[in-house]
Amino acid sequence: MTLESVREILRCSVLAGHDQLDTEVEVGCGADLMSDVLAFVKPNALLLTGLTTVQSVRTADVAEVKAIVYVRGKLPEKDAVELANERGIVLLAANLPMFEACGRLYMHGLPGGSELEKEASDATRAPLHTTV
Amino acid sequence: MQPEPLFTQRFEIEGKDFRNAGKASATVKTILREIGLPPAIVRRAAIAAYEAEMNVVLYARKGTLELKVSPSEIRMMFEDQGAGIADIGLAMQEGYSTASEEIREMGFGAGMGLPNIKKNSDLFRIDSSVGRGTVLDITIRV
């Protein structure tokens with residue numbers, strides 16, 4: 001899913017990375033605890049969070065999260081926007097609550113982390129089930 | 001036998017400096033990427049470094065990170081001057097945390113830090129003594 005699609009689906013405002021909305025995200029992750037994000041998030045993810053500190057962007061940067069959607073109408077701190085511009089991370093803001101923002105993206109086909117894992121293991125297992 | 005490092009850098013980490021927390025790890029990530037290491041390895045090292053750096057910022061007065069990169073491994077040694085960990089076995093359990101409300105409000109203290117560092121490492125050693133500090137020795141094979 002492109003970030004442009006995310007923006008349309010959630011009616012987001014763009015806070016950083018206006019020129020990077022053609023970037024693709026492969027998986028979604030919704031969390032307010034950055035330790036959980038660091039432990040579970042997949043690369044090329046979209047993070048939905050209510051945490052607006054600079055650490056949300058730091059976490060995205062180290063974990064290869066391409067973009068953050070701040071939910072519940074919250075806006076990130078100035079430091080967070082500056083860091084996102086510096087490190088090339090797209091920041092979006094949506095007025096929706098976390099559950100609805102995640103739900104709408106999921107409904108439009110953005111998978112969750114467990115599905116991505118399943119897809120990967122199905123792909124490696126597939127040849128074993130092939131009959132000649 | 002210790003492999004000869006190609007690159008070494010030392011970082012100072014200040015306790016409670018939330019504004020700069022994560023800066024050392026971001027630099028580590030940039031360095032490893034510029035060396036040309038595979039993205040999956042860089043990501044593991046960056047995640048382990050950031051968790052460990054946040055531990056110093058959140059729980060210690062100050063600390064250092066020594067990064068050594070050799071052709072076969074990335075080694076990151078974190079040493080802090082902090083309260084130390086009373087029960088390392090308990091601290092290594094997922095979900096166990098002694099974090100304050102203030103730390104949790106910043107999105108940390110989920111009890112995933114040390115287990116996640118171990119998960120992203122090939123070799124992981126932790127030494128701690130109460131009242132003195134903690135040493136984390138992280139190795140990721142290249």
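Predicted model: local features only at pLDDT ≥ 70, side-chain atom pairs only at ≥ 80, totals over all residues.
**Helix pair in chain B.** Residues are numbered from 1 along each chain as its sequence is written, while chains are lettered from A and ligands numbered from 1 in the order in which they are written.

I checked the axes next: those of H1 (residues 23–35) and H2 (residues 39–59) of chain B come within 8 Å and cross at roughly 165°. Axes here are lines fitted to C-alpha atoms, for helices over the stretch in contact, with angles from 0 to 180 degrees between N-to-C directions. Helices (H or I, at least four residues) and strands (E, at least two) are DSSP runs, numbered from the N terminus. I therefore noted the two helices as roughly antiparallel (over 145 degrees; under 35 is roughly parallel, 65 to 115 roughly perpendicular, the rest oblique).

I then listed who meets whom, with contact meaning C-beta atoms, placed from the backbone, within 7 Å. On the H1(B) side I found Ala24(B), Ser25(B), Val28(B), Lys29(B), Leu32(B) and Arg33(B), and on the H2(B) side Val42(B), Ala45(B), Ala46(B), Ala49(B), Tyr50(B) and Glu53(B). They split into 8 nonpolar, 1 polar and 3 charged (nonpolar: Ala, Val, Leu, Ile, Met, Phe, Trp, Tyr, Cys and Pro; charged: Asp, Glu, Lys and Arg; polar: the others, Gly among them).

**H5(B).** In this helix (residues 113–120) I have Gly113(B), Leu114(B), Asn116(B), Ile117(B) and Asn120(B) as buried. Buried means 20 or more other C-beta atoms within 10 Å of the residue's own, exposed 12 or fewer, partly exposed in between, with C-beta atoms placed from the backbone. Seen down the axis, they fall within an arc of 160°, so they line one face (the arc is that of the directions from the helix axis to the C-beta atoms). Their cover includes H2 (34–40) of chain A, plus H2, H3 (88–91), S4 (123–129) and S5 (133–141) of chain B.

**Ala83(B).** I placed this residue in the loop between S3 (73–82) and H3 of chain B. Ala83(B) is partly exposed, with 16 other C-beta atoms within 10 Å. Leaving aside neighbours within four places in sequence, I found Ala83(B) in contact with Tyr59(B), Val130(B) and Gly131(B).

**A against B.** I have 19 residues of chain A in contact with 18 of chain B. On the chain A side, H3(A) gives the largest share, 6 residues.

Notes. Contact = placed C-beta atoms within 7 Å.
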